[in-house]
Amino acid sequence: MSAPVVDIASAIQSTSIKHHPDPAHDLNPSTAASAKKPVSPTTSISSKADSIPESAVRPIPRRANLPPLPDMRFEQSYLASLQGAESWWSILWITGRDQVVLPLVQGMLWTLLLSGWRYWNRGAQFQGATIGSKVRRWWWGVNNWKIPEETQEAISEKAGEFYTAQMGGPD
C-alpha cells in the first residue's frame, strides 16, 4: 500500500486534466468586442441593471470535438520506460540515461551549436552577402561610420582570443 500523501497528490493531478476540452467553453472568456451586433431602430435595449443574460441562464451544451490533451509530464514517460525493467540494474540504467546522460548530451550539443553560430556570425557580420549585411553596410555608410576592413585571419585571431578568455586557455 502506498502513502496516503502520494495517493492524494495523484488524485488531484489526475482530476485536473480535461480529457475532452471544448473550444466553446475552455478558451478565454468572451468580451464585449467578441460579438458585434448591428444596431437598428427596432432593437430594444434593456436598461435593467439586474437583468441576467440568456447565455448565463441557458449555456451552450458541451460536445466532445477535440481529442484528449496529451500528458507531457516527465514522470509519465519515465514510468512508461520503467515498465520494461526487469532488474535493479535496468532501473538504474534507465534512471541514469533519462536524468543524467540525455540532459548532458542535450546541453553539450546546444552549447556546441551556439558556439559555432557565434564563431561563424562574428566573421559574417560585414563580409556576408545577405540582406542583413547589405543593410548594415548601407546604414554605416549613411551615418559616415568607418566599416571595419578586417581580414579573415584577424577575425579568427579575435575569436580565438575571445574563446580563450571565456573558456580558459592552457596554463
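**Notebook: a chain of helices**

I began with the secondary structure, and I counted seven helices and zero strands in the chain. Reading along the sequence, I wrote the pattern down as α-α-α-α-α-α-α.

**Confidence**

I looked up pLDDT next. The chain has a mean of 76, and 68% of its residues reach 70 or more. Which element has the lowest mean pLDDT, and which the highest? Helix α2, residues 23-26, is lowest at 64, while helix α5, residues 88-127, is highest at 86. I left myself a friendly reminder: where pLDDT is low, the predicted coordinates should not be read in detail.

**Surface and contacts**

I checked how much of the chain is covered. Of its 171 residues, 8% count as buried. The chain exposes about 15,200 Å², with 64% of that supplied by carbon and sulfur atoms. I then turned to contacts with a separation of 6 or more, and found that 55% of them join residues 24 or more positions apart.

**Two aspartates**

I went looking for Asp-22 and found it in the loop between α1 (4-15) and α2. Is Asp-22 buried or exposed? Asp-22 has a relative accessible area of 4%, so it is buried, the cut-off being under 20%. I also took a distance here: Asp-22 and Arg-63 are 41 residues apart in sequence, yet their C-alpha atoms are 6.9 Å apart in space.

My other aspartate, Asp-98, sits in helix α5. Asp-98 counts as buried too, because its relative accessibility is 16% and the limit is 20%. What does Asp-98 touch, leaving out residues up to four places away in sequence? I listed Phe-74, Tyr-78, Ser-81 and Pro-103.

**Helix α6 and what follows**

I followed α6 from its first C-alpha to its last. Its 12 residues reach 16 Å, close to the 16 Å expected at 1.5 Å a residue. Just after α6, I noticed that Asn-144 takes a positive phi of about 55°.

I found Trp-145 in the loop between α6 (131-142) and α7 (152-167). Trp-145 has a relative accessible area of 46%, so I call it partly exposed, since that value falls between 20% and 50%.

Trp-145 also belongs to a nonpolar surface patch of about 690 Å², together with Ile-131, Val-135, Trp-138, Trp-139 and Val-142. I kept a general point beside this list: an α-helix has 3.6 residues a turn, so residues three or four places apart point the same way.

How values were computed
Residues are numbered from 1 along each chain as its sequence is written. This is a predicted model: local features need pLDDT of at least 70, side-chain atom pairs count only at pLDDT 80 or more; totals for chains, interfaces and linings use all residues. Side-chain values use heavy atoms; hydrogens and water are left out. pLDDT is the predictor's confidence in each residue, from 0 to 100. Helices (H or I, at least four residues) and strands (E, at least two) are DSSP runs, numbered from the N terminus. Patches are made of residues with over 30% relative accessible area and no salt bridge: like charges are joined within 9 Å, nonpolar side chains (Val, Leu, Ile, Met, Phe, Trp, Tyr) within 5 Å. Accessible areas come from the Shrake-Rupley method with a 1.4 Å probe; for residues, only the protein chains shown count as cover. A salt bridge is a side-chain nitrogen of Lys or Arg within 4 Å of a carboxyl oxygen of Asp or Glu. Buried means under 20% relative accessible area, exposed over 50%, partly exposed in between (1.4 Å probe, protein chains only). Contact means heavy atoms within 4.5 Å. The expected span of a helix is 1.5 Å times one less than its number of residues.
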